[in-house]
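Please open the structure in your viewer and keep the selection tool at hand.

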Amino acid sequence: MSGSEAEHEYWGKLARTFHYDALYVVGSDVYQEVEGWLQKQFRDTDTVLELGCGTGFFSEMIADRVKHLTATDLAPEMIEQAKNNLSQFSNVELKIEDGYATSFEDDGFDALLLVNLLHIVERPIAVLKESHRVLSSDGRIVIVDVTGHGMSLLKKMKLVIRYLRKFGKPPSNNRSFSQDELAAMINEAGFTVEEIELIGNDTKAVCLTGKKDVSYT
Ligand SMILES: C[S@@+](CC[C@H](N)C(=O)[O-])C[C@H]1O[C@@H](n2cnc3c(N)ncnc32)[C@H](O)[C@@H]1O
């Protein structure tokens, strides 16, 4: 089963202003911390696949740290924005791909990057299983997911108000994962958690790296 027309349409409409709206909602502080964390997760020999890259905000953070980055998204409108934002990188390729069922061969990538994708898709485990399929046997998965867990009630309420102001009522798929919930999903999809931490002073993000468990079928 693939990403639905409705999902496609929803994200396509947000594409033009998504970068600025998301920064307004989440705040730049947490993403500065995420950038520092992300840059430690990749090597200059890595061939990386990013699913749900959106406008390329996080692709840009790692592009000059890796050998090659294939940044993908379900919505062509997001890919258009990402093309503008990433045009200076000769090692970045942009493609329309559905994270549930990509066109890539088995075991082709050294690392996978998923930022703010799992909490918005209907079936996160299915996306993780597809990530497992396309990762090489010693490959790593790198996940960043903004979460309300670990935030005070007041800060969470302010975050919700900022979200409603920019994006309106959230789709019913939207949720917020704790570190334990994310770790459990990763295990279920055939990965072993290597590192997991909660980053951010106000808004929080769960940051996780995992290794492919090759015994998993
Ligand atoms: C919350 S945005 C995150 C974008 C980007 N990673 C960021 O954090 O700025 C979620 C992105 O996932 C994309 N998306 C939604 N469903 C998808 C699917 N089934 N496969 C791939 N991308 C998908 C949307 O088009 C959107 O660009």
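Select Glu130 and Arg133 to begin: these two side chains form a salt bridge, with their closest N and O atoms 2.8 Å apart. The model is a predicted one. Both residues belong to helix α5 (residues 124-134), where their spacing of three residues corresponds to about one helical turn. Glu130 is buried, at a relative accessible area of 9%, whereas Arg133 is partly exposed, at 26%.

Next, select Asp107 and Lys212. This salt bridge brings the closest N and O atoms to 3.0 Å. The pair links distant parts of the chain, 105 residues apart: Asp107 is in the loop between β3 (92-96) and β4 (109-115), and Lys212 is in strand β7 (residues 204-212). Is Lys212 buried or exposed? Its relative accessibility is 11%, and the cut-off for a buried residue is under 20%, so Lys212 counts as buried. Asp107, at 44%, counts as partly exposed.

Move to helix α1 (residues 5-26) and select Glu9 and Lys13, which are four residues apart, or about one helical turn. Their salt bridge has its closest N and O atoms 3.5 Å apart. Glu9 is partly exposed, with a relative accessible area of 46%, while Lys13 is exposed at 66%. In total, the structure has nine salt bridges.

The tour now turns to aromatic rings. The structure holds eight aromatic pairs. Select Tyr31 and Phe57: the ring centres are 5.6 Å apart and the planes stand at 55 degrees, so this pair is tilted. Tyr31 lies in helix α2 (residues 28-39) and Phe57 in helix α3 (residues 57-62), so the pair ties together parts that are 26 residues apart in sequence. Tyr31 is buried, at 6% relative accessibility.

Then select Tyr10, Trp11, Phe18, Tyr163 and Phe167, which form one aromatic cluster.

Two further selections show a charge placed over a ring. Select Arg123 with Tyr100: the charged end of Arg123 sits over the ring of Tyr100, 4.1 Å from its centre. Finally, select Lys166 with Tyr24, where Lys166 lies over the face of Tyr24 at 5.0 Å from the ring centre.

Conventions:
Residues numbered from 1 in each chain as written. Predicted model: local features only at pLDDT ≥ 70, side-chain atom pairs only at ≥ 80, totals over all residues. Heavy atoms only, no water. Phe/Tyr/Trp six-rings, centres within 6.5 Å; stacked < 30°, edge-to-face > 60°. Helix = DSSP H or I, 4+ residues; strand = E, 2+ residues; numbered from the N terminus. Buried < 20%, exposed > 50% of the residue type's maximum accessible area, 1.4 Å probe, protein only. Lys NZ or Arg CZ within 6 Å of the ring centre and 35° of its normal. Salt bridge = Lys/Arg side-chain N within 4 Å of Asp/Glu carboxyl O.
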